[in-house]
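Please look through the sequence and the structure shown here before reading on. The paragraphs that follow move from the place where the chains meet to the contacts inside each chain.

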Amino acid sequence: MIGFVARRLLTSIPTLLAVLTLVFVIVRIVPGDPALVILGDQATPEAAAALRARLGLDAPIWLQYGRFIAAALTGNFGASMVTSRPIIDEVAAVLPHTVDLTLAAMVVGVVVGVPVGIWAALHRNGAIDVAARLLSLIGLSFPVFVSGIFLLLAFALHWRVFPVIGAAELNDIPDRLYKLVLPAITLGLVMAAYITRVTRSAMLASLSEDYIRTARAKGVPWRRVVWVHGLRNASLPIVTVVGLYVGILIGNSVLTEIVFNRPGLGKVIVGALNQRDYTMLQGLMVIYCFIIVVVNLITDLLYGVLDPRVQQA
Amino acid sequence: MTPIRRAIRRATSNPTTTAGAIITLAIVAAALLAPLLAPYDPTEQDIMARLQGPSAEFLLGTDQFGRDILSRLMWGARISLTVSLGAIAVAIVIGGVIGMVSGYIGGTFDLIVMQAMDVLLSFPSLILGLIVVALLGPDLVNLVIAISLTAIAPFARIARAPTLVLKERAFVEAGHALGYSHSRIIFRHILPNILSELLVMGSLWMATAVRTEASLSFIGLGVKPPTPTWGGMTRDGFENILDAPWLAIFPGVAILLLVLGLNMVGDGLRDATDPKLRNE
């Protein structure tokens, strides 16, 4: 197991470099001069040149690349051009809110999606299956800002069960959880829809295997056959989807944070866009890279736990 | 019968797919006929008729500038459809070429290209689109570029897998023997075999593209006002949510319906072309 973890850690280094390179390339291939984007079209050539020098954009491209990778790997994300505060501090201040939201949405997704998917698989082509498939199709068609607004209208403005504003004091745990409910459901519903689909098809595949027949033949209770033998073998595709889905979850959390007016990474990124805070955007993208690589690593390690054969590969 | 026609026939026998096609075609028709059918000019302001609820005069009500919501929805559909169709077309062409060439060449080149595609795939697509539009500036063409960038990787994967198999087949070998150029083999002999798969994928990704465009417009990175966009209208409604909730509800429902319709069609086409599901 330790060898497996070490190997996976090593293989995530090239991935991290690749994602960082992608960010560097995207920021550079986009036409237009960042200095002019920041200063506006009316900027004098001198001002633009000065800004380019300040951003290090006047250096040769390979040197810029080297500096960029070195800074990212040493955890030096630079400072915001607008507030001059270190980007890492700005991010650290709001990160708990985004982590709360993302984890809670994953819980909603798994707690709703897995049982419904199993239920649908067990009633294949029956009324429950058809309903589950239709509802999951509707669920994954909902843009999160639309579902968020609908939930807000219903449960915060009409019935007033939940607050309109989602910002909570981090120390007040009950309040923090209470204000998390609507945003987490908003963000989690789309994920629940995806997980329902994957669980259904993975369960259908695993329940038709020989070992299921064997388990039933030797008298294992049906409930145990489904939840232990069936689900364990269907878990790899589910974990894959959850891992892949984290990227979508991060993107959608931006929209959820806007709708529920919650502090978080999404609000920071939108603020940086509006203020043309170029260094902040680049720093945020690097931070997103780290998050993705860590999530991929966790997904890989989970494979090894769920299916010991993966550890040998 | 060609594979595509067979797939369409099988797909239309499924009620979900048919319903999806009807929803999608109705929205496409509303968009195409907007200049004829829209009751008002979508950008015409009428301060006397601000924030009115649905009525016989304004079927879906008016916004904070007194503009007719129904007319704006019909014109807004054009932006959603144009941007998504453009983005998916670009993604199919670029992703398809990358996938075919990478699979055809194989070896280390293939390994590196596919690694790059995996990396592109793992980056949150909305964040990617957001950054690219922000750097390029929000307009129709830049939205197409940004959204297509988020969809290139899956098309490259879809194009590559069958190319790996096809390039070993006798007709490709025959092409080599006849002295055909690589590009002729790729585009005249391999491409026709994978085109239907690319197009089915395209119909599924249209739904995602519509959602991404709406999301970017909602954030404020869509085609600039006063041009109506569904995401932008939802944002306007959201900002007036206490006075006029319908302002956010109608465009929100429009986005949901189009995405749902496209997903239903895409699902049906995929099931109809997937050999594994054929006997279900």
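**From the interface to the interior**

In this predicted model, D267(B) and R197(A) form a salt bridge whose closest N and O atoms are 2.1 Å apart, a salt bridge being a side-chain nitrogen of Lys or Arg within 4 Å of a carboxyl oxygen of Asp or Glu. Across the interface of chain A and chain B the rule finds one salt bridge, and the count of residue pairs in polar contact between chain A and chain B, both residues at pLDDT 80 or more, is three. A polar contact here is a pair of N or O atoms within 3.5 Å; within protein, one must be able to donate a hydrogen and the other to accept it, and residues adjacent in sequence count only if both atoms are side-chain atoms. Several helices of chain A, namely α1 (2-29), α6 (127-141), α7 (144-158), α9 (181-207), α11 (222-259), α12 (265-274) and α13 (278-306), each supply at least two residues of the side that touches chain B, and α11(A) gives the most, with eight residues. Helices (H or I, at least four residues) are DSSP runs, numbered from the N terminus. The residues on this side of chain A divide into 36 nonpolar, five polar and two charged, where Ala, Val, Leu, Ile, Met, Phe, Trp, Tyr, Cys and Pro count as nonpolar, Asp, Glu, Lys and Arg as charged, and the others, Gly among them, as polar.

The contact, meaning heavy atoms within 4.5 Å, takes 43 residues from chain A and 42 residues from chain B. The area buried between chain A and chain B is about 3700 Å², of which carbon and sulfur atoms give 84%; buried area is the accessible area (1.4 Å probe) that two parts lose on being put together, summed over both.

As to conventions, residues are numbered from 1 along each chain as its sequence is written, and chains are lettered from A and ligands numbered from 1 in the order in which they are written. Local features need pLDDT of at least 70, side-chain atom pairs count only at pLDDT 80 or more, and totals for chains, interfaces and linings use all residues, while side-chain values use heavy atoms, with hydrogens and water left out.

D267(B) also forms a salt bridge with R270(B), the closest N and O atoms being 3.2 Å apart. Because R270(B) and D267(B) are three residues apart in helix α11 (residues 246-273) of chain B, they are separated by about one helical turn. D267(B) is buried, with a relative accessible area of 11%, whereas R270(B), at 33% relative accessibility, counts as partly exposed; buried means under 20% relative accessible area, exposed over 50%, and partly exposed in between (1.4 Å probe, protein chains only).

Over all chains the structure holds twelve salt bridges. In chain A, R200(A) forms a salt bridge with D129(A), with the closest N and O atoms 2.7 Å apart; R200(A) lies in helix α9 of chain A and D129(A) in helix α6 of chain A, so the pair ties together parts that are 71 residues apart in sequence. Both R200(A) and D129(A) are buried, and D129(A), R133(A) and R200(A) are linked in a network of salt bridges. In chain B, the side chains of D110(B) and R160(B) meet in a salt bridge at 2.8 Å, N to O. D110(B) lies in helix α5 (residues 107-122) and R160(B) in helix α7 (residues 140-166) of chain B, so this pair ties together parts that are 50 residues apart in sequence.

Aromatic pairs come next. Over all chains the count comes to nine aromatic pairs, rings of Phe, Tyr and Trp (its six-membered ring) being paired if their centres lie within 6.5 Å, with planes under 30 degrees apart counted as stacked, over 60 as edge-to-face and the rest as tilted. Y194(A) and Y245(A) form a tilted pair, 5.1 Å centre to centre with 50 degrees between the planes, which links helix α9 and helix α11 of chain A across 51 residues. Y194(A) counts as partly exposed at 24% relative accessibility, and Y245(A) as buried at 3%.

Finally, S71(B) is found in helix α4 (residues 69-105) of chain B and is buried, with a relative accessible area of 0%. The backbone nitrogen of Y40(B) lies 3.0 Å from a polar atom of the side chain of S71(B).
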